[in-house]
Amino acid sequence: MIAACILVAVLAFGASGDEIGDCAFEYARVPAAVTIPSGVGRIGIRAFFGCGELTTLTLSPGVRRIGRHAFAFCRGLKSVTIPEGVTEIGEGAFAGCSELETVTIPEGVTGIGARAFAGCH
């Protein structure tokens, strides 16, 4: 876990990693733009919780599950496109993203948890 780091200057993921673990970057100052590559199938619970500097999120087609509160309280996040292949958006996954204005969700999503987008713009 990298919680409460002053700054994560470069965020890079290996091509073959299958998940971003629970609380991996909780409250970290991640770069404004983060791309989750196609090799990541699961984004863990609270993985990017409270990363207020995050403004642009790109999820690649390999992502299947977005964990509970994965991006909650990323207050700078403005737009999210959920790619084809995602089947589950966890409870409160984007809750408290007060600047979030646009969300695109494909038809293949079969589960959206309670309050997944609570407190969004």
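A residue is called buried when its relative accessible area is under 20%, exposed when that area is over 50%, and partly exposed in between, using a 1.4 Å probe and protein chains only. This is a predicted model, in which local features need pLDDT of at least 70 and side-chain atom pairs count only at pLDDT 80 or more, while totals for chains, interfaces and linings use all residues. Residues are numbered from 1 along each chain as its sequence is written, and side-chain values use heavy atoms, with hydrogens and water left out.

Begin by colouring the chain by pLDDT, the predictor's confidence in each residue on a scale from 0 to 100. The protein chain averages 88, and 86% of the residues score at least 70. Now select residues 1-10, where the pLDDT is below 50; beyond near neighbours in sequence, this stretch has 22 contacts in the model, a contact being heavy atoms within 4.5 Å.

Next, select Cys 74, which is buried, with a relative accessible area of 0%. Is there a disulfide here, or none? A search of the whole structure finds zero disulfides, a disulfide being counted when a pair of cysteine sulfur atoms lies within 2.5 Å. For Cys 74, the closest cysteine sulfur belongs to Cys 51 and is 5.1 Å away, too far for a bond.

Select Tyr 27, in the loop between β1 (19-20) and β2; strands are DSSP runs of E with at least two residues, and helices are runs of H or I with at least four, numbered from the N terminus. Tyr 27 has a positive phi, near 65 degrees, though it is a residue other than glycine, and it is partly exposed at 44% relative accessible area. Then move to His 69, in the loop between β5 (65-66) and β6 (79-81), where phi is again positive, at about 55 degrees, in a residue that is not a glycine. His 69 is partly exposed, with a relative accessible area of 26%.

Finally, select Gly 119, in the segment after β9 (111-112). Which residues does Gly 119 contact, leaving aside its neighbours within four places in sequence? They are Gly 96, Cys 97 and Ser 98. Although Gly 119 and Gly 96 are 23 residues apart along the chain, their C-alpha atoms are separated by 4.7 Å. Gly 119 is exposed, with a relative accessible area of 55%.
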